[in-house]
Amino acid sequence: MSKDHLICDFTGGAVGHRLKFGGGRGQALPKAAGFTKGRTPTVIDATAGFGRDAFLLASLGAEVTLIERSADVHGMLREGLERASCAGGQVADIVSRMTLLFGDAKELLPELSADVIVVDPMHPPRKTKALVKKEMRVLRQFVGADPDAEDLVKVALEVAKKRVVLKWPAKGDPLPNIKKPSHQLMGKSTRYDVFMLG
């Protein structure tokens, strides 16, 4: 998978499979973001990437604002959302709840408002020899290493109404100078650090 062959697809593949069989609100990210049977928070995905997490949360009924600062990735996301909208049906209904913005989340967040802010920065290099998924390696070529992740989380903590969710490697060291999370949800390779506010 090269930059030239990368497209953002919300209508099939892994995204379509997750939509059909992923487990809905029982999945780790919706749980971390505070989705319950009777509650659907508004969400900002401050590091949109390929938009898969935002699509999952929108599929559960949330209004989701996506922020992406890489012009290349933003362009792919925009095209993917347009294709999904044209596809009609359930997928078009889901992406109608997704609003894509271009820019640096640290600058845009103070102008926005949401119950929950999700931050999924580029993760530090793994300590194991196992390779990161190919598309994540390609994404890293576009967006770099996110050295300002700590600053972004600090802004998110000031802006979010109810909680901030940091998606991070399960065995990754905590970000420096960030308060301890209220709780964590652990997955096989990923953990969700949840910071409750208010």
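Buried here means under 20% relative accessible area, exposed means over 50%, and partly exposed lies in between, with a 1.4 Å probe and protein chains only. Asp148 also belongs to a network, in which salt bridges that share partners join it with Arg69, Asp104 and Lys106. By salt bridge I mean a side-chain nitrogen of Lys or Arg within 4 Å of a carboxyl oxygen of Asp or Glu.

Before going on, a word on the model. It is a predicted one, where local features need pLDDT of at least 70 and side-chain atom pairs count only at pLDDT 80 or more, while totals for chains, interfaces and linings use all residues. Residues are numbered from 1 along each chain as its sequence is written, and side-chain values use heavy atoms, leaving out hydrogens and water.

Now, which residue forms a salt bridge with Asp148? That is Lys106, and the closest N and O atoms are 2.5 Å apart. Lys106 sits in helix α6 (residues 105-108) and Asp148 in the loop between α7 (134-143) and α8 (149-159), so this pair ties together parts 42 residues apart in sequence. Lys106 counts as partly exposed, at 24% relative accessibility.

Next, please find Lys167 and Asp53. They form a salt bridge too, with 2.7 Å between the closest N and O atoms. Lys167 lies in strand β5 (residues 163-169) and Asp53 in helix α3 (residues 52-59), so the parts tied together are 114 residues apart in sequence. Are these two buried or exposed? Lys167 is buried, with a relative accessible area of 14%, and Asp53 is buried as well, at 9%.

One more pair: Arg191 and Asp193 form a salt bridge, their closest N and O atoms being 2.8 Å apart. Both Arg191 and Asp193 are buried. Searching the whole structure gives nine salt bridges.

Let's step back to the whole chain. It has eight helices and seven strands; these are DSSP runs numbered from the N terminus, with helices being H or I of at least four residues and strands E of at least two. Of its 198 residues, 49% count as buried. The accessible surface comes to about 10,400 Å², and 52% of that belongs to carbon and sulfur atoms. Finally, among contacts with a separation of 6 or more, 67% are between residues 24 or more positions apart, where contact means heavy atoms within 4.5 Å.

How values were computed:
Areas by Shrake-Rupley, 256 points an atom, 1.4 Å probe, with all protein chains shown as cover.
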